[in-house]
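These are my notebook entries on one protein structure. I set down what I looked up, entry by entry.

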Amino acid sequence: MPWAADVTGIDLQGILSGAFVAPEVFALRPDYRALLIAVDGIRPAAGDAASEALLARAEESARGAVVDAPVEEEPHVAAWREAYRAFGAKPQRTRNSLEALLRRAARDGLPRVNRLTDVYNAVCVLHRLPLGGEDLSAYQGPPRLTRATGAEPFDTVAGGQDVVEHPLPGEVVWGDEAGVTCRMWNWRQGRRTRLTDETASALFILDALDPMTDEQLQAAADDLLVHLREADPDLVVAQRLIAAG
């Protein structure tokens with residue numbers, strides 16, 4: 001039986017149309033932009049020669065970035081450190097996903113997980129922006145970026161055990177109707193919506209602050225889709241940019 005492009009039939013555009021960023025988040029950083037990309041028809045696969053080459057290129061880029069200056073002085077990393085401080089986080093302790101991945105890529109190399117995860121990790125490093133990937137079929141309602149009350153559930157692992165934690169009041173979190181999907185804006189993703197080896201539909205969240213331009217943000221999205229379509233040329237794709245009014 002041939003592989004069908006739209007294997008889940010999820011209403012990608014409908015989900016993105018319902019996504020929102022709360023005004024209190026834009027009050028913290030009016031320059032914030034979220035580019036959401038929803039894809040359907042992914043053929044789950046292990047890493048291959050193409051994804052390995054992409055990871056190697058990202059690792060080389062990361063090593064080059066730390067030759068002349070510390071990672072925290074990379075312009076977009078520095079901007080995200082400021083954003084974290086704005087809602088009370090300590091960026092030295094809770095590093096934004098871009099900084100954490102850049103450091104890992106430069107020091108130890110990037111993890112090899114599966115083709116889908118490897119591609120988006122590499123694009124994150126190459127384009128210097130936080131980029132999260134989640135299983136869209138696990139979502140309950142559209143994604144939303146808000147400041148937490150502190151009561152929202154966040155399912156994660158601590159000490160090797162499944163636990164439910166709660167964000168700090170005022171923390172910037174991504175979530176849906178069931179709870180938090182990512183804490184500290186782009187620091188740690190939850191278990192419920194994480195990508196797996198069986199993921200067929202995914203949501204990618206590309207986070208941008210100044211000095212990253214809209215053109216650079218779109219270039220990262222385009223690059224991500226190019227590499228995803230190398231394996232799955234018939235992907236169904238929807239995109240939406242959310243920015244301050």
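**Entry 1. Terms and source.** I take buried to mean under 20% relative accessible area, exposed over 50%, and partly exposed in between, with a 1.4 Å probe and protein chains only. Helices (H or I, at least four residues) and strands (E, at least two) are DSSP runs numbered from the N terminus. I note that this is a predicted model, in which local features need pLDDT of at least 70 and side-chain atom pairs count only at pLDDT 80 or more, while totals for chains, interfaces and linings use all residues. Residues are numbered from 1 along each chain as its sequence is written, and side-chain values use heavy atoms, with hydrogens and water left out.

**Entry 2. Helix α4.** I looked up which residues of α4 are buried, and found His76, Val77, Ala79, Trp80, Arg81, Ala83 and Tyr84. The cover over these buried residues includes α5 and β10, where contact means heavy atoms within 4.5 Å. The helix has 12 residues, 75–86, and reaches 17 Å from its first C-alpha to its last, close to the 16 Å expected at 1.5 Å a residue. The expected span is 1.5 Å times one less than the number of residues. After α4 comes Gly88, with a positive phi near 95°.

**Entry 3. The whole protein.** I recorded 7 helices and 11 strands. Of the 245 residues, 50% count as buried. The C-alpha trace spans about 55 × 45 × 40 Å along its principal axes. Among contacts between residues at least 6 apart in sequence, 76% join residues at least 24 apart.

**Entry 4. Nonpolar cores.** A nonpolar core is a set of buried Ala, Val, Leu, Ile, Met, Phe, Trp, Tyr and Cys residues joined through side-chain atoms within 4.5 Å. In soluble globular proteins, nonpolar side chains tend to be buried together. Which members of the largest core touch the most other members? Of its 38 residues, they are Ile37, Val125, Phe204, Leu206, Leu224 and Leu228. Two or more residues each come from β2 (33–40), α3 (49–65), α5 (97–107), α6 (115–127), β10 (201–208) and α7 (214–231). Helix α6 gives the largest share, 7 residues. A second, separate core has 32 residues, among them Leu28, Trp80, Val172 and Met184.

**Entry 5. Helix α7.** The 18 residues of α7 should span 26 Å at 1.5 Å a residue, and the end C-alpha atoms are 27 Å apart, which agrees. Its buried residues are Leu217, Ala220, Ala221, Asp223, Leu224, Leu225, His227 and Leu228. They pack against β2, α3, α6, β10 and β11 (236–243).

Entry 6. Two strands pair if DSSP finds at least two bridges between them. Strands β5 (154–158) and β6 (161–165) run antiparallel and are joined by 5 bridges. Thr156 stands opposite Val163 in β6. The two strands form a hairpin with 2 residues between them, and Gly159 in the turn has a positive phi of about 60°.

**Entry 7. Salt bridges.** I count a salt bridge when a side-chain nitrogen of Lys or Arg is within 4 Å of a carboxyl oxygen of Asp or Glu. How many does a search of the whole structure find? The search finds 19.

- Arg33 pairs with Asp210, the closest N and O atoms being 3.2 Å apart. Arg33 lies in strand β2 and Asp210 in the loop between β10 and α7, so the pair ties together parts that are 177 residues apart in sequence. Arg33 is buried at 7% relative accessibility, whereas Asp210 is partly exposed at 44%.
- Arg128 pairs with Glu74, with 3.7 Å between the closest N and O atoms. Arg128 is in the loop between α6 and β3 (131–135) and Glu74 in the loop between α3 and α4, 54 residues apart. Arg128 counts as buried, at 14%.
- Arg115 and Glu230 meet at 3.4 Å, N to O. The pair links helix α6 to helix α7, 115 residues apart. Arg115 is buried at 6%, and Glu230 is partly exposed at 46%.

I also noted a network of salt bridges that links Glu72, Arg81, Arg95, Glu99 and Arg103.
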